[in-house]
Amino acid sequence: MAWNRRRVLAALPLAWASGALGSAPGGAGAVARAPGSRAAARRLARPRRTRARVEVVALGTAQDAGVPQINCFKDHCAVVRSGAAEPPRVACLGLVDHDTGHRFLIDATPDFSPQVGDLLAPDGVPLPEVAGATVQLQSHLHGVLLTHAHIGHYSGLVHLGKEVAAPRGLPVWASTAMGEFLRANAPWEALFRNGFADLRLAAAGVRIGLTPSLAVTPFQVVHRPEYSDTLGYLIHGPERTLMYVPDADVWDGWQVPFEQLLVQADVALIDGSFWSHQELGHRVQADIPHPPVSETIERLGSMHKRPQIWFIHLNHTNPLWDPEAPELRSMPAGFGVTRTGQRWDL
Ligand SMILES: [Zn+2]
Ligand SMILES: [Zn+2]
Ligand SMILES: [Zn+2]
């Protein structure tokens, strides 16, 4: 699509840093309700007075490379590079059990540091327990659950090293293949050798209890296995389940069929990398396959008992970043675009 620079300038902060409190997705309308700054997103990430016991918050929504992408000089990236719009962060979820005070992240992105900040100290308010300049990270962040070994999903683990936080035994859950990759390669292996992180197994189909009220069930996803396989997660609270699949090549051929997992969830945040197959210019879409949003909507549109669907992990080229995009307005009820700061009570 053609990008109108002024329209994009006016619209981008709204789409990128906005949130609605668990509202039902409804295409353009759902986005338009949102406030318009990262500060607003942080306020939304702050626990409310009447708290659900378990809450999931979106701490970022972009594909691995974020926005601006290093080699893109089109308007949608240039406007962020110029400072006129805040850069959206890479797709990441925070899980909070307000009863126990436990907090977890799904994926350690290149934006790991500010995302931990948004999870632990929303709105920039310091942790009340802090006496010195720094804290023992493992006292406030209680684990990281990884999906796979593409840069947007695990490279933030560098912040657990000796140069940075050096926590004591921070739990990191990963599949067997992902764990072997981390243990076999520097600098990741040093995190475990030095006891900064404690590697734990996330096995497909095996429920992991994180707190008495919060659990996850990993599942296998079909996605380019260059260094590891890929997991998605069903996140279970006391009342509701949220499905998270930021990255997938296709919706077919899964070990447990995609739709069979989807119907177990009340809300699903799924791969929205591309709107269509035509987005990439010089890159060949077949080299980096993702189910386009337009086709996913078509596939799931007629599905009986479909959960709320929110697309996440948007590539910098995706027209859905623009709240005035016709593609966004064309989305039927029940589908929406995830915003940073958006949260769901489970
Ligand atoms: Zn990714
Ligand atoms: Zn771009
Ligand atoms: Zn990936």
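Q: Which residue stands opposite Val144 in E5?
A: Strands pair if DSSP finds at least two bridges between them. The labels come from DSSP runs, numbered from the N terminus: helices (H or I) have at least four residues and strands (E) at least two. Here Val144 stands opposite Val172 in E5.

Q: What kind of model is this, and how are its parts numbered?
A: It is a predicted model, in which local features need pLDDT of at least 70 and side-chain atom pairs count only at pLDDT 80 or more, while totals for chains, interfaces and linings use all residues. Residues are numbered from 1 along each chain as its sequence is written, and chains are lettered from A and ligands numbered from 1 in the order in which they are written.

Q: How many bridges join E4 to E5, and in which sense do these strands run?
A: Two bridges join strand E4 (residues 144-145) to E5, and the two run parallel. Besides the Val144 and Val172 pair, Leu145 has Trp173 in E5 as its bridge partner. In a regular strand the side chains alternate between the two faces of the sheet.

Q: Which strand pairs with E5 over five bridges?
A: That strand is E6, again in the parallel sense. Ala174 stands opposite Leu201 in E6.

Q: In what order do the strands of the open sheet lie?
A: The seven strands follow the order E6-E5-E4-E3-E2-E1-E14, with mixed pairing. The edge strands, which pair on one side only, are E6 and strand E14 (343-345).

Q: Why is E5 described as largely enclosed?
A: A residue is buried if 20 or more other C-beta atoms lie within 10 Å of its own, exposed if 12 or fewer, and partly exposed in between, with C-beta atoms placed from the backbone. Four of the five residues of E5 are buried, so the rest of the structure largely encloses this strand.

Q: Which residues of H7 are buried?
A: In helix H7 (residues 176-184) they are Met178, Gly179, Phe181 and Leu182. Viewed down the axis, these buried residues fall within an arc of 160° (the arc of the directions from the helix axis to the C-beta atoms), so they line one face of H7.

Q: What does that set of residues pack against?
A: Contact requires C-beta atoms, placed from the backbone, within 7 Å of each other. The buried residues of H7 pack against strand E5 (170-174), helix H8 (188-193) and strand E6 (197-201). H7 lies across E5 and E6, and runs at about 150° to E6. For such angles, axes are lines fitted to C-alpha atoms, for helices over the stretch in contact, and values run from 0 to 180 degrees between N-to-C directions.

Q: Where are the cis peptide bonds?
A: One joins Val67 and Pro68, with omega about 5°; Pro68 sits in the loop between strand E1 (54-60) and helix H4 (75-81). Another joins Ala186 and Pro187, with omega about 0°, and Pro187 is in the loop between H7 and H8.

Q: Is Asp107 buried or exposed?
A: Asp107 is buried, with 29 other C-beta atoms within 10 Å. This residue, in the loop between strand E3 (102-106) and helix H5 (112-120), is not a glycine and has a positive phi near 80°.

Q: What is phi at Ala166?
A: Phi is about 45°, positive although Ala166 is not a glycine. Ala166 lies in the loop between helix H6 (151-154) and E5 and is partly exposed, with 18 other C-beta atoms within 10 Å.

How values were computed: Contact = placed C-beta atoms within 7 Å.
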